Amino acid sequence: MSLENPLRLVLVGAGSMGRAWRDTIEAAPGVELVGIADIHEPTAQAAADALGRPVPVGTDAVALASATGARAVVDATVPEAHHPVTTAALFAGLDVLGEKPVAETVAQALSLAAASEATGRLFMVSQSRRWNPQLFALRAMAEDLGSIGTLTTEFFRAPRFGGFRDEMAHPLLVDMAIHAFDSARFLLGAEPVSAYCEAYNPPWSWYAGAAAAVATFEMEGGIRYAYTGSWCSPGAETSWNGVWRVSGEKGSARWDGDHDPVLDADGPGVARPGSPYEGIEGALLVFTDALRTGDPPMGEVHENVLSLAMVEAAVRSADTGERVRLDDVLAAAHAEALRTETHPDVRDALASWPSVREVLTAAG
Ligand SMILES: NC(=O)c1ccc[n+]([C@@H]2O[C@H](COP(=O)([O-])OP(=O)(O)OC[C@H]3O[C@@H](n4cnc5c(N)ncnc54)[C@H](O)[C@@H]3O)[C@@H](O)[C@H]2O)c1
């Protein structure tokens, strides 16, 4: 695929993550930030002013892209805006790199996957914690452990955010645990089968909703992934990536989330090349490479949806007390997407899927 150089980008959503994206795009080779949009125009203007060069601003990413000749959009809006903003961009012929989560619900995520199919545009989700060279190294170690029995993550921190997280029903599961769930899928190369989760709020918590959770997932091949986490846990805090253990037939591998992982196994591990990518800079590089080569990147919307489905399954299990099958989450989301879809091309694409799981995992 031919691609102009530099790739002209519009950033939409100029909040705290949007400003991180602004600086990342500005510093990256091969891309040019040509406009900043935010539903609150003064926010876009303030983000543009900090660049020290004139950059057009507006409230609508598609209009701004058309006025500036942009070819792609970086969507760093709030989760509830991901579906409308990204759908409009895809139908305007723009490729999209979007912040996690892919959308607010799995039904909306399926609609976005179908919109990408209907338009032939790339929609990649930037799940920034997956682009971590230490996680890639842990994955390489896991490959040396033979069959895997158990994967665990402990995440214990005590941030005082203020704002929307303090009011959410499931702040830990919905806003944070998706990073760990996504990394677990990547580490194991295995998809989720079912979830059982208890979510609760310790008596001293400063959050209104469930700031702590214990979730167990059955993954393909019978592997169990156990996640324990709390966002109101002062003392001995873990890294933001959490603390990981992979327990396999031939040994174990551990990672504290901040330093190189450690292998404790029979025989020497096989050295493998590390990852050249890191964080949102890495996601941006992968996105532009994918546009140049036409090859689907890791994080392409279909591949990402099951990470959000793990969140939705865990929340449903916590709310009902039942073990939840991922296929039931996908089936309910697909039915809802078909019921609520307003775009005929997207509805046709959704209706053509023989099996949601097969469509989501076909590229993996
Ligand atoms: N990868 C990470 O580690 C990480 C960290 C923090 C946030 N995030 C994600 O980044 C996204 C943004 O989070 P944030 O903390 O920057 O939020 P934020 O509230 O600081 O900023 C969001 C911005 O989007 C704008 N906006 C809302 N609806 C819009 C619309 N329809 N069109 C244009 N602009 C719109 C708002 O005005 C606001 O300026 C979220 O999806 C969040 O989950 C990711």
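**View 1. Helices α5 and α11 cross with their axes within 8 Å of each other, at roughly 105°.** Here α5 covers residues 106–119 and α11 covers residues 344–351. That angle makes α5 roughly perpendicular to α11; the word applies from 65 to 115 degrees, while under 35 degrees counts as roughly parallel, over 145 as roughly antiparallel and the rest as oblique. On the α5 side you will find L110, S111, A114, A115, E117 and A118, which meet D345, V346, A349 and L350 of α11. Sorted by type, the residues of this contact are seven nonpolar, one polar and two charged.

A few words on how to read these views: this is a predicted model, in which local features need pLDDT of at least 70 and side-chain atom pairs count only at pLDDT 80 or more, while totals for chains, interfaces and linings use all residues. Residues are numbered from 1 along each chain as its sequence is written, and side-chain values use heavy atoms, with hydrogens and water left out. Helices (H or I, at least four residues) and strands (E, at least two) are DSSP runs, numbered from the N terminus. Axes are lines fitted to C-alpha atoms, for helices over the stretch in contact, with angles from 0 to 180 degrees between N-to-C directions. Contact means heavy atoms within 4.5 Å. Ala, Val, Leu, Ile, Met, Phe, Trp, Tyr, Cys and Pro count as nonpolar, Asp, Glu, Lys and Arg as charged, and the others, Gly among them, as polar.

**View 2. Helix α5 also packs against α9, with the axes coming within 9 Å and crossing at roughly 175°.** This makes α5 roughly antiparallel to α9. From α5, the residues V106, A109, L110, L112, A113, S116 and E117 take part, and they meet V301, H302, V305, L308, A309 and E312 of α9. The residues of this contact divide into nine nonpolar, two polar and two charged.

**View 3. A cis peptide bond joins K100 and P101.** Omega is about -10° at this bond. Look for P101 in the loop between β5 (95–99) and α5. For background, most peptide bonds are trans, and most residues other than glycine have a negative phi.

**View 4. A236 has a positive phi, near 45°, in a residue other than glycine.** You can find A236 in the loop between β10 (224–230) and β11 (243–248). With a relative accessibility of 78%, A236 counts as exposed; exposed means over 50% relative accessible area, buried under 20% and partly exposed in between, using a 1.4 Å probe and protein chains only.

**View 5. R130, D182, R185, E191 and E303 are linked in a network of salt bridges.** A salt bridge here is a side-chain nitrogen of Lys or Arg within 4 Å of a carboxyl oxygen of Asp or Glu. Over the whole structure, a search finds 15 salt bridges.

**View 6. E218 and R323 meet through their side chains in a salt bridge, 3.0 Å from N to O.** The pair links distant parts of the chain, 105 residues apart: E218 is in strand β9 (residues 212–219), and R323 is in the loop between α9 (301–320) and β14 (324–325). R323 counts as exposed, at 53% relative accessibility.

**View 7. T24 and G279 are found in helices α1 and α8.** T24 belongs to α1 (residues 16–27) and counts as buried, at 10% relative accessibility. Leaving aside neighbours within four places in sequence, T24 is in contact with I280, E281 and L284. G279 belongs to α8 (residues 279–293) and is buried too, with a relative accessible area of 16%. G279 and N132 are 147 residues apart in sequence, yet 6.4 Å apart in space, C-alpha to C-alpha. With the neighbours within four places in sequence again set aside, G279 is in contact with S128 and W131.
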